[in-house]
Structure formats: structure tokens, C-alpha cells
Amino acid sequence: MENTTVAMSSTCPGLYCGRMMVNGSVEGECGVCPRGERANLQKVCERCIESPELYDWLYLGFMAMLPLVLHWFFIEWYSGKKSSSALLQHITAMLECSVSAVVTLLVTEPVGMLSIRSCGVQMLSDWYTMLYNPSPDYINTIHCTQEAVYPLYTIVLIYYAFCLVLMMLLRPLLVKKIACGLGKSDRFKSIYAALYFFPILTVLQAVGGGLLYYAFPYIILVLSLVTLAVYMSASEIQSFKNLVAKKKRLVVLFSHWLLHAYGIISISRLDKLEQDLPLLALVPGPALFYIATAKFTEPSRILSEGGNGH
């Protein structure tokens with residue numbers, strides 16, 4: 001009986017089409033599996049009950065960090081020299097994103113728990129099932145588009161929606177009360193920026209989610225290295241004395257170190273702790289290298305030496 005079931009179900013074409021299992025027997029025609037299920041090797045729709053791997057959580061953490069980092073950047077950009085106003089907005093942005101993350105986990109199955117069940121990611125095509133609808137007779141298409149990576153695709157979009165709603169509820173009132181020193185047009189600019197970058201992040205996840213899933217550790221490392229170098233150059237930090245002169249500089253430095261560590265952990269996945277944990281010792285390396293070599297690359301020094309050489 002089991003062999004017959006497998007034989008019947010194995011005739012489903014395509015990577016993601018399957019038949020429904022009802023009362024222990026396979027029934028119905030090949031088609032799309034319900035949300036939260038995925039076709040197994042026997043082409044039978046199977047409920048996803050796995051817990052996400054560490055790498056999946058790191059990916060979700062990366063996607064959750066993007067709006068927070070952008071919030072902080074634009075708040076800092078538009079707040080001018082009113083540090084107290086900026087600090088309150090930074091804290092509010094973090095609160096918005098944290099509450100959104102918790103609510104998103106609570107509304108995702110299993111509902112009411114801070115855990116999720118996942119189908120897992122097996123290959124890049126799992127993110128783009130709409131490109132793999134089979135046409136057995138080259139005329140009719142069997143539509144099997146589904147979220148094969150459930151819930152990694154939609155959970156990010158739900159999180160962005162909650163972030164946007166909370167921002168619109170909290171931030172305008174806060175900015176109106178505390179940002180009195182800024183002009184009327186300037187005080188809301190960080191909110192206007194968010195109204196631009198949230199749609200961009202949504203399209204990025206919808207179109208490039210699969211590519212980001214595999215590339216995000218390298219994106220984190222490259223961007224954190226570049227932004228740290230740009231910041232240290234713009235702040236004219238050329239020695240440890242310059243670095244510790246202001247608390248803000250230390251906050252920026254430690255934030256970048258956390259991002260370096262996050263990228264290293266994402267690449268290594270901590271499969272072998274005894275080999276991977278020592279890699280975290282590389283985290284301070286770029287900053288130390290910059291400070292050690294900054295004096296040799298000072299433009300005024302290069303120009304003066306060039307003038308003396310002529």
C-alpha cells in the first residue's frame with residue numbers, strides 16, 4: 001500500500017508541487033501545498049515542524065537591523081547638534097524595532113510564542129518558486145508558487161509593516177515635543193526618510209531575499225569596514241587619544257565591532273567552536289590597523305614630502 005502511495009505521488013512534476021495527505025492517504029491532484037507545508041521527496045505536502053537553524057536566525061537579525069541602522073543614520077544626519085533630541089529619537093527607534101520584532105514572533109505560528117517553525121532552506125530556488133511552475137505538456141502550467149522557505153520570506157515583510165505603523169504612531173508626537181530647536185521642515189525629515197526606505201527595503205526583500213540570505217554575512221563585513229574607515233577619516237581619528245576623546249566615538253567603534261563579530265559568526269556559523277571562536281579576535285584588527293597607518297597616509301604629509309622631493 002505504501003509503495004502504491006509513493007508511486008502515485010511521485011508522478012507530480014516540478015520541484016514544489018505536491019499532493020495533500022488526508023487521513024493517512026494521498027488524495028487530490030498535484031498542486032500548491034498549503035502555507036506552512038512543503039512537498040517532500042515523495043511529492044506529498046508535509047507540515048513544517050523544524051526549528052530555524054542559527055544561520056536563519058542570523059539572517060532574520062540582519063533584516064531586522066536594517067531599518068534600525070537606517071533610522072539611526074537619518075536621525076543623526078538631520079538632528080544637527082541637538083544631541084539630547086537625537087538620543088531620545090535613537091532610543092525610540094530601538095524601542096519601535098524591538099516591539100515590532102516581538103509582536104511579529106508572537107503572531108507567527110505557533111501563535112503566542114517567541115518561537116517559529118520553519119521549512120528550512122535547501123537551495124536558492126526555494127526563494128523563487130514562482131519561476132519553477134511546471135508545464136508537463138508545454139501548454140498548461142501547474143501553479144505551485146508557495147513560500148517554500150516558510151516563514152523567512154513573509155515574516156520580514158510583516159516585521160517591516162509593524163515597524164512602519166509603530167513609527168507613525170510614536171515618532172511624530174515625540175519629535176514635535178523634543179525637537180523644538182530644529183526648523184519645522186527639518187524636525188520631521190528623519191521620519192520622511194523612513195517613508196522612503198521602508199518601501200525600498202520591502203522591494204529588496206521581495207525581489208532579492210534569496211540572494212541576501214546567502215550574501216548577508218559578506219555584506220555586513222564589507223559595509224561595516226567601509227563605514228568605520230569613513231567615520232574615522234571624517235572625524236580625523238589618527239591616534240588612541242583622538243579615539244577616546246569623545247564618548248560618541250567609542251560608541252560608534254564598539255557598534256562596528258559588534259557588526260564585525262556578527263559577520264564573522266554568520267560566515268563561520270559556529271560549526272566548530274574551537275576553530276571559529278578564535279576568529280573573533282580579528283574584530284579589533286581593522287580599527288587598530290587604521291590607527292597604526294593613518295599617520296603615513298595623511299594627505300598634508302604626502303604633499304609636503306612630494307614638494308620636498310621636487
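What share of the contacts in the protein chain with a separation of 6 or more comes from residues 24 or more positions apart? The share is 67%. The model behind this value is predicted.

Start with the outline. The protein chain contains 10 helices and 4 strands. In sequence order the pattern runs α-β-β-β-β-α-α-α-α-α-α-α-α-α. Of the 310 residues, 38% are buried. The accessible surface of the chain is about 18,000 Å². Carbon and sulfur atoms supply 68% of that area.

Take W77 to begin with. This residue sits in helix α2, which spans residues 54-78. Its relative accessible area is 58%, and the cut-off for exposed is over 50%, so W77 counts as exposed. Along the chain, W77 and K189 are 112 residues apart. Their C-alpha atoms, however, are separated by 9.4 Å.

I178 belongs to helix α4. That helix covers residues 154-178. I178 has a relative accessible area of 22%. Buried would require under 20%, so I178 is classed as partly exposed. From I178 to L88 the sequence separation is 90 residues. The C-alpha to C-alpha distance is 8.4 Å.

Now turn to helix packing. Two packed helices are described by the angle between their axes and the distance between the axes. Helix α5 runs over residues 189-234, and helix α9 over residues 285-294. They pack at about 35 degrees, and their axes lie 11 Å apart. The crossing of α5 past α9 is right-handed. On the α5 side, the contact uses L225, L228, A229, M232 and S233. On the α9 side, P286, A287, Y290 and I291 take part.

The surface comes last. Which residues make the nonpolar surface patch of about 750 Å²? They are L15, M123, L124, M130, L131, Y132, L211 and Y214. M123 lies in the loop between α3 (83-107) and α4 (154-178). Why is M123 counted as partly exposed? Its relative accessibility is 35%, which falls between the 20% limit for buried and the 50% limit for exposed.

Technical notes. Residues are numbered from 1 along each chain as its sequence is written. This is a predicted model: local features need pLDDT of at least 70, side-chain atom pairs count only at pLDDT 80 or more; totals for chains, interfaces and linings use all residues. Side-chain values use heavy atoms; hydrogens and water are left out. Patches are made of residues with over 30% relative accessible area and no salt bridge: like charges are joined within 9 Å, nonpolar side chains (Val, Leu, Ile, Met, Phe, Trp, Tyr) within 5 Å. Accessible areas come from the Shrake-Rupley method with a 1.4 Å probe; for residues, only the protein chains shown count as cover. A salt bridge is a side-chain nitrogen of Lys or Arg within 4 Å of a carboxyl oxygen of Asp or Glu. Helices (H or I, at least four residues) and strands (E, at least two) are DSSP runs, numbered from the N terminus. Buried means under 20% relative accessible area, exposed over 50%, partly exposed in between (1.4 Å probe, protein chains only). Axes are lines fitted to C-alpha atoms, for helices over the stretch in contact, and angles run from 0 to 180 degrees between N-to-C directions. A crossing is left-handed if the near helix is turned anticlockwise from the far one by less than a right angle, and right-handed if clockwise. Contact means heavy atoms within 4.5 Å.
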